[in-house]
Amino acid sequence: NMKTVLILGHNARDKGAYSPYLKMSEYDYWGEVVKGLDVPVLRRNPNRGYGLEMREMLSRLEQIEYDVAIELHFNSAISNANGAEVLIYRGNTTSKTLATKFLKKLEAMGHRNRGIIEVSHERERNGAYGICNSRGHYLLIEPFFGSDEKDCIPVGEMREILKEWIKEVQI
C-alpha cells in the first residue's frame with residue numbers, strides 16, 4: 001500500500017503558467033483540484049528562488065511517510081501545442097508504471113500522450129529538482145496545455161482523474 005503526497009507546482013508568489021481558458025494559474029488551478037482529496041498536499045513557500053524553495057519543500061516532504069510524490073503542473077506554449085507528459089527519474093520502473101497508468105487515463109479521454117520524460121540530473125530540465133533529490137518515487141505531471149482551449153481539463157474533471165489515479169497508486 002503506497003502512500004501518496006501531492007505537491008502544488010509553483011507558489012502563491014510565482015503562480016506558474018496562466019490559462020486564459022481556465023482563467024487560472026497553475027498554482028490556483030491545482031489548489032482547487034486538490035480540495036477534498038484525502039491525501040497530504042505540500043505547497044512551496046515563496047523564497048529567494050526556485051532552488052531554496054525546493055530544498056525547503058523537500059525537507060518537509062522527507063519528514064513525512066510517503067512512497068510516491070506527485071508534483072502538479074500544466075504546460076503552456078505560444079504555439080498550438082497540446083497533450084500530456086510526465087517527468088520521472090531515469091530507470092525508475094515504479095514511477096514509469098505509475099506514469100503510464102496516468103497517461104493512459106488521459107489518452108482514453110482523447111488527450112494526446114506526449115510521453116514519459118526521464119531525467120537523471122536536477123539541471124537537465126525545469127522541474128527535475130524534486131525528481132532527482134527525493135527518496136521516494138517522484139513524478140511531475142503536466143496533463144495538458146493551458147494555452148490550448150480544447151486541451152484544458154476543467155477542475156472537477158481533473159479532481160476525479162487524480163482521485164481515481166491515486167487509488168490505483170495506493171494499491
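## Contacts and overall dimensions

Residues 24 or more positions apart account for 75% of the contacts in the protein with a separation of 6 or more, a contact meaning heavy atoms within 4.5 Å. This is a predicted model, in which local features need pLDDT of at least 70, side-chain atom pairs count only at pLDDT 80 or more, and totals for chains, interfaces and linings use all residues. Residues are numbered from 1 along each chain as its sequence is written, and side-chain values use heavy atoms, with hydrogens and water left out.

The C-alpha trace spans about 40 × 35 × 35 Å along its principal axes.

## Secondary structure

Five helices and eight strands make up the elements of the protein, in the order β-β-β-α-β-α-β-β-α-β-α-β-α from the N terminus. Helices (H or I, at least four residues) and strands (E, at least two) are DSSP runs, numbered from the N terminus.

Strand β8 (residues 137-142) is largely enclosed by the rest of the structure, because five of its six residues are buried, that is, under 20% relative accessible area (1.4 Å probe, protein chains only).

Strand β5 (residues 68-72) pairs with β8 in the parallel sense over five bridges, whereas strand β6 (residues 84-89) runs antiparallel to β8, joined by three bridges. Pairing requires that DSSP find at least two bridges between two strands. Leu 140 in β8 stands opposite Glu 71 and is also the bridge partner of Leu 87.

Technical notes. Buried means under 20% relative accessible area, exposed over 50%, partly exposed in between (1.4 Å probe, protein chains only).
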